[in-house]
Amino acid sequence: MSSQPLVRHSGNRLITTSLAISNHFGKKHKDVLKAIHNLECSPDFAERNFALCYKNNPLQNGKPNPFYEITRDGFVFLCMGFTGAQAAQWKEKYIEAFNRLEAEICRREAQPAIDAAALERLRQAYLDDNPQMADLLRYRDAGLKQTEAALLLGISPQTVRERLKKAAALGLCDYRPSEVLAERGRLGMAALRQKQAFAALQMSLPMEG
């Protein structure tokens, strides 16, 4: 059995190839090419649905061999003349393959919008359950300072910053602590570590008695 897929993506189209049709329908490739050349269709239809390509053949010193990339409509037009039980089975498999990939494309294209809508509903539900967070974001959007929002909410500015960080992590707002506050935080942590180290040193010294 050929390892070539029945149908695959090529750019923004779903296509099969004359090589794949040759292998799956048990026909010589030159006969498939001849059938394509003999199709009684308009030049416009042929141009839209049969793209001539070339593939280097290593068995012929890299000689480029022609083949066609064929759309679903081109496949149906070409293979409607193939007869026999085996041909009928392969027609069904090809049609199923086209349908499956088309459904997958539709699902992928719709998924981001579905996810975004679902995420927005979850965020709104979170704010409904956390009215103080909703008030904080409303104050922030109104241009209030963190200290002013803290006063209105009856919480500390540090708690305001922690809640804004959490809101940013949930995608509810953009928040980055100011460089001043960040530096204060770093200095505060450094001072705390110095104090802890000094206390530990004191405890290690022998007591005079």
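The model is predicted, so keep the ground rules in mind: local features need pLDDT of at least 70, side-chain atom pairs count only at pLDDT 80 or more, and totals for chains, interfaces and linings use all residues. Residues are numbered from 1 along each chain as its sequence is written, and side-chain values use heavy atoms, with hydrogens and water left out.

**Overall picture**

- The protein chain has nine helices and four strands; helices (H or I, at least four residues) and strands (E, at least two) are DSSP runs, numbered from the N terminus.
- Reading from the N terminus, the elements go β-β-α-α-α-β-β-α-α-α-α-α-α.
- Of the 209 residues in the protein chain, 25% are buried; buried means under 20% relative accessible area, exposed over 50%, and partly exposed in between (1.4 Å probe, protein chains only).
- Take the contacts in the protein chain with a separation of 6 or more: 54% of them link residues 24 or more positions apart, where contact means heavy atoms within 4.5 Å.

- Four strands form an open sheet in the order β1-β2-β4-β3, with antiparallel pairing; two strands pair if DSSP finds at least two bridges between them.
- β1 (8–10) and β3 (50–57) are the edge strands, each with a single partner strand, so one side of each has no neighbour in the sheet.
- From one strand to the next, the twist averages 50 degrees; axes are lines fitted to C-alpha atoms, for helices over the stretch in contact, and angles run from 0 to 180 degrees between N-to-C directions.
- β1 and β2 (residues 13–17) run antiparallel and are joined by three bridges, and His9 has Leu14 in β2 as its bridge partner.
- Helix α2 (residues 29–37) packs on the sheet, where it touches β3 and β4 (63–70), and its direction makes about 55 degrees with that of β4.
- Helix α4 (residues 72–79) packs on the sheet too, touching β2, β3 and β4, with its direction at about 100 degrees to that of β4.
- The hairpin of β1 and β2 has two residues between the strands, and Gly11 there takes a positive phi near 65 degrees.
- On to β2 and β4: they run antiparallel with two bridges between them, and Thr17 has Glu69 in β4 as its bridge partner.
- β2 is mostly covered, with four of its five residues buried.

**Nonpolar cores**

- The largest nonpolar core has 24 residues, and Ile21, Phe25, Leu78 and Tyr94 touch the most other members; a core here is a set of buried Ala, Val, Leu, Ile, Met, Phe, Trp, Tyr and Cys residues joined through side-chain atoms within 4.5 Å.
- At least two residues of this core come from each of α1 (18–24), α2, β4, α4 and α5.
- α5 makes the largest contribution to this core, at six residues.
- Another core of 13 residues lies apart from it, and its members include Ala149, Leu153, Ile155 and Tyr175.
- Leaving out neighbours within four places in sequence, Phe25 contacts Phe75, Cys79, Phe82, Ala87, Trp90, Lys91 and Tyr94.

**Two residues up close**

- Ile105 sits in helix α5 (residues 85–129) and is partly exposed, at a relative accessible area of 25%.
- Not counting residues up to four places away in sequence, Ile105 touches His9 and Leu14; Ile105 and Leu14 are 91 residues apart in sequence, yet 9.8 Å apart in space, C-alpha to C-alpha.
- Met133 belongs to helix α6 (residues 131–141) and is buried, with a relative accessible area of 5%.
- With residues up to four places away in sequence set aside, Met133 touches Tyr126, Leu127, Arg163, Lys166 and Ala167.
- Met133 and Arg163 are 30 residues apart in sequence and 7.2 Å apart in space, C-alpha to C-alpha.

**Cysteines**

- The disulfide count is zero, with a disulfide taken as a pair of cysteine sulfur atoms within 2.5 Å.
- Cys41 is partly exposed at 23% relative accessibility, whereas Cys173 is buried at 11%.
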